[in-house]
Amino acid sequence: MIRETNRHFSFDWITIIIFMMLVGFGWLNIVSASHIGETVDYFDFSQAYGKQLMFIGLTLGLIVIILAIEAKFYERFASVIYVVSMLSLVGLFIFGKNVNGATSWYGIGGMTLQPSEFAKAATALAVAKYVSDLQTDIRRFPDQIKTFIIILIPAFLILLQNDAGSTIVYGAFFFVLYREGLPKIYLTLAVSVLCISIFSLKFGPIITSILAAGVVFTQYFISKKKPVILQPILITLLAVVMSVGVHFFYDSVLQPHQKDRISLWLRLEKDPAKLAEMRRDILYNLYESEKAISSGGIGGRGFLEGTRTTGKFVPEQHTDYIFSTVGEEWGFVGSAMVVILFVLLMLRILHLAELQKSQFSRVYGYSVASIMFLHFMINIGMVMGLIPTIGIPLPFFSYGGSGLWGFTILLFIFIKLDSNRINEW
């Protein structure tokens with residue numbers, strides 16, 4: 001480690017305090033989701049809450065190390081950190097441990113370590129390093145391709161491990177690049193692909209193609225500055241190919257459980273018997289989660305008093321469905337407080353990112369906020385049934401050492417970069 005001397009630092013304590021509040025409140029909910037009505041021994045390391053307490057203790061040491069390292073270290077060695085992280089993902093195909101159908105963990109003694117949780121920080125550093133390079137202009141197509149490759153490599157490796165939830169998180173970098181000058185055409189393409197995909201699955205390729213052609217040619221005829229007629233024709237053909245491709249991907253590439261989740265979300269299944277079976281098997285977690293949240297009312301049932309939580313009605317409640325514990329035991333007030341804390345944290349990070357003097361620090365700060373936003377939005381949306389079920393943790397709340405350490409590294413590297421702002425010229 002390289003220590004900085006004769007420099008002035010000012011850590012952003014607002015961010016640190018919000019982090020501590022989220023971690024502390026998250027641990028209380030893990031206690032609730034893990035106990036079964038007996039007297040709680042908070043230092044029982046055979047229980048999930050005891051293990052999480054140990055992870056939190058180790059997190060404090062990790063924070064000290066991150067803040068002790070020279071701020072410029074993260075920029076100088078961003079490429080090295082990225083390569084090491086990618087090698088750790090590749091190594092899973094040889095030494096990885098399969099858990100719940102995903103080969104995403106290394107078994108170390110009696111513990112497991114999930115490198116994909118650390119790859120997010122490594123990718124954020126690599127993207128910040130490349131985008132902030134003097135030779136890089138994100139408005140140029142070659143530089144855009146190189147940036148996309150940096151992002152897609154970890155996403156592809158994680159997808160091969162059968163961890164689709166963690167793969168989706170890499171879409172967060174779109175917000176970062178858009179802030180740095182990525183052309184608006186990519187936003188149009190992203191929205192178009194999403195709409196075509198949903199319409200194609202819901203209404204079929206033919207109707208979707210007709211609707212796409214209608215939108216494209218209407219835009220062409222009302223436009224004051226008309227492009228050549230070949231352009232709307234090519235766009236329409238591309239929409240047709242995409243619509244057919246979506247159906248092929250859905251039918252031939254997705255796993256059965258992934259298709260079932262999308263089918264339920266879009267209400268594609270017409271057979272009542274099959275629909276009832278899918279609801280019973282796939283939506284059980286969601287139904288129980290919604291019941292737990294609704295039973296909390298305004299003020300909640302109280303700490304350790306949630307009957308559905310204590311009764312273990314919601315599977316995996318201490319991990320992906322931890323927010324249902326918040327809803328039952330702390331009610332609308334507690335749930336709103338958690339949402340407000342997350343929103344404040346992300347807004348604070350964005351505010352600090354805009355204050356940075358170096359583009360590297362700004363890009364990294366936006367990456368941190370974007371990754372956390374996507375985790376926050378997907379996890380809470382999933383628990384409340386607003387989006388399809390996707391296995392993705394709630395930052396600082398869900399049980400697990402890898403997740404806690406991964407988000408801590410992601411956040412505190414930015415806190416260190418921000419603390420060095422007064423030393424940058």
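## A buried phenylalanine to start with

Phe396 counts as buried, since its relative accessibility is 3% and the cut-off for buried is under 20%. This residue sits in the loop that links H17 to helix H18 (401-419). Its backbone deserves a look too: phi of Phe396 is positive, at about 70 degrees, although the residue is not a glycine. Please keep in mind as you read on that this is a predicted model.

You will find Leu304 in the loop between helix H14 (284-295) and helix H15 (307-310). Its relative accessible area is 22%, so Leu304 is partly exposed, whereas Phe396 is buried.

## The overall picture

Stepping back, the protein contains 18 helices and three strands. Its C-alpha trace spans about 70 × 65 × 45 Å along the principal axes.

How much of the protein counts as buried? The share is 48% of the 425 residues. The accessible surface comes to about 21000 Å², and carbon and sulfur atoms contribute 69% of that area. As for contacts with a separation of 6 or more, 71% of them involve residues 24 or more positions apart.

In soluble globular proteins, nonpolar side chains tend to be buried together. Here, the largest nonpolar core has 92 residues, and the members that touch the most others are Phe342, Tyr364, Phe396, Phe397, Leu411 and Phe412. Helix H17 (residues 359-383) supplies the largest share of this core, with 14 residues. Apart from this core lies another one of six residues, including Leu201, Val246, Tyr250 and Leu254.

## A serine in helix H17

Helix H17 also holds Ser370. Is this serine buried or exposed? With a relative accessible area of 7%, Ser370 is buried, because buried means under 20%. Neighbours within four places in sequence aside, the contacts of Ser370 are with Ala172, Phe175 and Val176.

Strands of a sheet pair through backbone hydrogen bonds, either parallel or antiparallel. In this model, three strands make up an open sheet, ordered S1-S2-S3, with antiparallel pairing. Strand S1 (97-99) and strand S3 (111-113) are the edge strands, each pairing on one side only. On average, neighbouring strands of the sheet are turned by 55 degrees against each other, direction ignored.

How many bridges join S2 and S3? Strand S2 (residues 102-108) pairs with S3 over three bridges, in the antiparallel sense.

Note on methods: Residues numbered from 1 in each chain as written. Predicted model: local features only at pLDDT ≥ 70, side-chain atom pairs only at ≥ 80, totals over all residues. Heavy atoms only, no water. Pairing = 2+ DSSP bridges. Helix = DSSP H or I, 4+ residues; strand = E, 2+ residues; numbered from the N terminus. Axes fitted to C-alpha atoms, helices over the stretch in contact; angles between N-to-C directions. Buried < 20%, exposed > 50% of the residue type's maximum accessible area, 1.4 Å probe, protein only. Contact = heavy atoms within 4.5 Å. Areas by Shrake-Rupley, 256 points an atom, 1.4 Å probe, with all protein chains shown as cover. Core = buried A, V, L, I, M, F, W, Y, C linked by side-chain atoms within 4.5 Å.
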